[in-house]
Amino acid sequence: AYTTPTHNLTRCSAHLDLPRVAAQLARSKMMRTALRRGLLSGAPRTLTPRRAPLVRAYRPPSTSFTRAPPARRSLSLALPKAAAPPAAVAGDRAVAYWLFGCGGLVAGMVSVGGLTRLTRSGLSMTDWKLQGGLPPMNRADWEREFARYKLYPEWQQRQSMTLEEFKYIYAWEYGHRMLGRVVGLAFGLPLAYFWSRGRLTPWLKPRAMALLGLGGAQGLIGWWMVRSGLNKDLLPERQKQDVRVSPYRLATHLTMAFITYSGLVWCGLEQLGGQRAVSEGVKHAAKLTPIARGAACLTLVTAISGAFVAGNDAGMAFNVWPYMVDDRDVGGEATFVPPDLLELQPLWRNMFENTACVQFDHRMLAYGTALSGTGLFALARSGAWHALPIVTRRFVAAGALAVVGQASL
């Protein structure tokens, strides 16, 4: 075998450029790797030499920017954000229950007003303040208030009244007035809250403001009514002998309360939403709608006529049924129509000031209301009853039961 002398290897290695050799070996290794990858992928690939890094030239700072600088981060960005208020929706149950609750308060207000009327307490307070005030706190205050009451016409009919009896009727009237202020707060404060949180729909906002106006006007109308009993010159001629508030103003006061109550319940139902009639129920509801509106209007007119009955004390004058006059127990006759039905002139005054006519009209309207309520229920049951929404069925049934019960009472 041929062997290279040791001194020749030593001489060759002395003349080699080792860095150049290393570069050639690395280049050949890269070419083999690239060739192998190209064969495996099925397509030849070419090597691109690595570009040298770019060196950016220095540019002096400028005062003008082509785009806005990024916003600086502040400490507030790291704090948790408050939750956004819920958007107003038609099915907001909190708003609906608030309206229903205010409707219940108005119904209680009407009931307390009726008891105030029955106890003849409405003229016990002879002044009115918007913000109200505390009742008499000691005997001297009660004596002073009682002395003020004696200056007005009602005292001439109740001169036997004692201080304790005066305290009783004063408590009824004071409670009635303060309950009205409670109703105003119960409606106004949540209204401001829901409005500020954006939870009232555009449909509800004007109606809520109208209801707030009705409630505020109700206090003024109440005082306007009481003033008619404190001044004989403001009473009809037939009522100057028996001092009480004007039946016209009493009817206005009660009508406003019914309108407010109806508006609250209506807005609550619309806000609550619920099931809608479909298929056969839509056609059936379309037939019932005009009848239901007529029954509602007749019910309101009957209630207004009841205010004239209360204002004229007609319920005490004719307190038998079904006849208006029944004297058979003393050898007389029983008549369905009273004899002095149209004794006042002009004739329209009998509907509002004649005790017999006012009571007769109220009874006839009550019969018509009972028939309309029960007729609406019967007509609803005769058609696609189960296709109607459950809320509609409940209201129709409850309305029929209410008018029959009221007529029975």
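Biologist: What should I know about the model before reading on?
Modeller: The model is predicted, so local features need pLDDT of at least 70, side-chain atom pairs count only at pLDDT 80 or more, and totals for chains, interfaces and linings use all residues. Residues are numbered from 1 along each chain as its sequence is written, and side-chain values use heavy atoms, with hydrogens and water left out.

Biologist: How many helices and strands does the protein have?
Modeller: Helices (H or I, at least four residues) and strands (E, at least two) are DSSP runs, numbered from the N terminus. The order from the N terminus is α-α-α-α-α-α-α-α-α-β-β-α-α-α. The count is twelve helices and two strands.

Biologist: What percentage of the 409 residues is buried?
Modeller: Buried means under 20% relative accessible area, exposed means over 50%, and partly exposed lies in between (1.4 Å probe, protein chains only). Across the 409 residues of the protein, the buried share is 29%.

Biologist: What share of the contacts with a separation of 6 or more comes from residues 24 or more positions apart?
Modeller: A contact means heavy atoms within 4.5 Å. Among contacts with a separation of 6 or more, residues 24 or more positions apart account for 73%.

Biologist: Are α3 and α5 roughly parallel or antiparallel to each other?
Modeller: Axes are lines fitted to C-alpha atoms, for helices over the stretch in contact, and angles run from 0 to 180 degrees between N-to-C directions. The axes of α3 (residues 93-118) and α5 come within 9 Å and cross at roughly 170°. Angles under 35 degrees count as roughly parallel, over 145 as roughly antiparallel, 65 to 115 as roughly perpendicular and the rest as oblique. The two helices are therefore roughly antiparallel.

Biologist: Is His-176 buried or exposed?
Modeller: His-176 sits in helix α5. Setting aside residues up to four places away in sequence, His-176 touches Met-109, Val-112, Gly-113, Thr-116 and His-253. Its relative accessibility is 13%, so His-176 counts as buried.

Biologist: How far apart in space are Leu-179 and Leu-105, C-alpha to C-alpha?
Modeller: Leu-179 is also in helix α5 and is partly exposed, with a relative accessible area of 23%. Beyond its neighbours within four places in sequence, Leu-179 contacts Gly-108, Met-109 and Val-112. Leu-179 and Leu-105 are 74 residues apart in sequence, and their C-alpha separation is 8.5 Å.

Biologist: Which element gives the most to the lining of the second largest pocket?
Modeller: On a 1 Å grid over the protein atoms alone, a pocket is an open set of points with protein on both sides within 12 Å along at least five of seven lines, and lining residues have an atom within 4 Å of a point. The second largest pocket has a volume of about 320 Å³. Of its 18 lining residues, the closest to the centre are Met-125, Asp-127, Lys-129, Leu-134 and Tyr-170. Two elements give two or more residues, α4 (139-149) and α5 (163-196), and the most, five residues, come from α5.

Biologist: How many charged residues are in that lining of the second largest pocket?
Modeller: The lining has eight nonpolar and two polar residues. Its charged residues number eight.

Biologist: Which residues does Ala-400 touch, not counting residues up to four places away in sequence?
Modeller: Ala-400 lies in helix α12 (residues 390-408). Ala-400 is buried, with a relative accessible area of 8%. Its C-alpha atom is 9.4 Å from that of Thr-369, 31 residues apart along the chain. With those sequence neighbours left out, Ala-400 touches Gly-373, Thr-374 and Phe-377.

Biologist: What is omega for the cis peptide bond that joins Trp-321 and Pro-322?
Modeller: Pro-322 is in the loop between α9 (314-317) and β1 (325-326). The bond from Trp-321 to Pro-322 is cis, with omega of about 10°.

Biologist: What is phi for Arg-120?
Modeller: Arg-120 is in the loop between α3 and α4. Arg-120 is partly exposed, at 32% relative accessible area. It is not a glycine, yet its phi is positive, at about 55°.

Terms used. On a 1 Å grid over the protein atoms alone, a cavity is a set of points where a 1.4 Å probe fits but cannot get out, and a pocket is an open set with protein on both sides within 12 Å along at least five of seven lines; lining residues have an atom within 4 Å of a point. Grid points are joined across faces, edges and corners, and a volume is the space filled by probe spheres set on the points. Ala, Val, Leu, Ile, Met, Phe, Trp, Tyr, Cys and Pro count as nonpolar, Asp, Glu, Lys and Arg as charged, and the others, Gly among them, as polar.
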